[in-house]
Amino acid sequence: MQQHIGEIAALASAMCFTVNGIIFEIASKRIGALSLNLFRLVFAFLFLGIFSLITRGMFLPLDAGTHQWIWLPVSGIIGLMIGDYFLFRAFAIIGSRVSMLIMTLVPPITALISFFLLNEVLTPIEFAGMALVLGGIALAVVSRGGKRLSLNYNMKGLFFAIIGATGQAVGFVLSKYGMEQYDPFAATHIRILTAAIGFLLMALVLGKTKKIHAALRDKKGMTGTVIGSFFGPFLGISLSLFAVQRSTAGVTATLMSIVPILIIIPSFLVFKQKVTVKEVIGAVIAVAGVFLIMNQ
């Protein structure tokens, strides 16, 4: 089990993001996407500070070196700000189903970038496992919803989704490059801080400060944001950095991408969404890919 600690952490991260996704889907309808993005990072920053104070004796990551303070903020801006912003924009234009389908490009893009930047090479078995996981996810995502997928989609929305996928992949690889052997939770703290400042500046430039103030008065929305921030930006992202520090970026990104599979049952229980046969088949294929990666 110790030799697969990175892969186990990646799966745990995916579980955290599944819980985070369900809660944020509810919260975003109450306080809006921009307010949610900002407050989720603010609350995660506080959670990380408290955690660091307990475990490392300091609220801020003051022991980070120059290398960390250069590359981790860059990874935070590219991955947590630009990547997430364009993904949310794509959701609004072409819908979550098509956007999530395009997001299956994140693992192969991650593997490609990590090959050139970090000299990480996947084994044939890892490639086969990745293909099964992504194929299963694609089948499950395509089968979700009542309408068939069409090639006639808004090009702007597709472009935004591709930018979102690329941003998350680049940000993820740069986080590994910038983190090196530094503490994953402290590294997440630096990324979160940078992205939060970025979203705050965006809110000021776009004149969205009134909506942010209004969001603070929505108790249910803010409660959901706090809970989701714990499972997503705090625990989920930190576990993802812990995982990528101990495994290849491509494998970690692949295992983390199974959220659309993990969310099938909660979506059925919470949102009463129907589960199709193709979704079940896709889930089985994706799980088979996970087992292939974990048992090589």
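Guide: Helices (H or I, at least four residues) and strands (E, at least two) are DSSP runs, numbered from the N terminus. In this predicted model, local features need pLDDT of at least 70 and side-chain atom pairs pLDDT 80 or more, while totals for chains, interfaces and linings use all residues. Residues are numbered from 1 along each chain as its sequence is written, and side-chain values use heavy atoms, leaving out hydrogens and water.

Visitor: How many helices and strands does the protein have?

Guide: The secondary structure comes to 14 helices and zero strands.

Visitor: What radius of gyration does the protein have?

Guide: The radius of gyration is taken over C-alpha atoms, and the globule rule is 2.2 Å times the number of residues to the power 0.38. For 296 residues a compact globule would have a value near 19 Å, and the protein's 18 Å agrees with that. Of these residues, 51% count as buried (under 20% relative accessible area, with a 1.4 Å probe and protein chains only).

Visitor: At what angle do α5 and α7 pack?

Guide: Axes are lines fitted to C-alpha atoms, for helices over the stretch in contact (heavy atoms within 4.5 Å), and angles run from 0 to 180 degrees between N-to-C directions. Helix α5 (residues 106-118) and helix α7 (residues 155-179) pack at about 40°, with their axes 9 Å apart. That makes α5 oblique to α7, since angles under 35 degrees count as roughly parallel, over 145 as roughly antiparallel, 65 to 115 as roughly perpendicular and the rest as oblique. Among the residues making the contact are I109 and I113 of α5 and F172 and Y177 of α7.

Technical notes. Buried means under 20% relative accessible area, exposed over 50%, partly exposed in between (1.4 Å probe, protein chains only).
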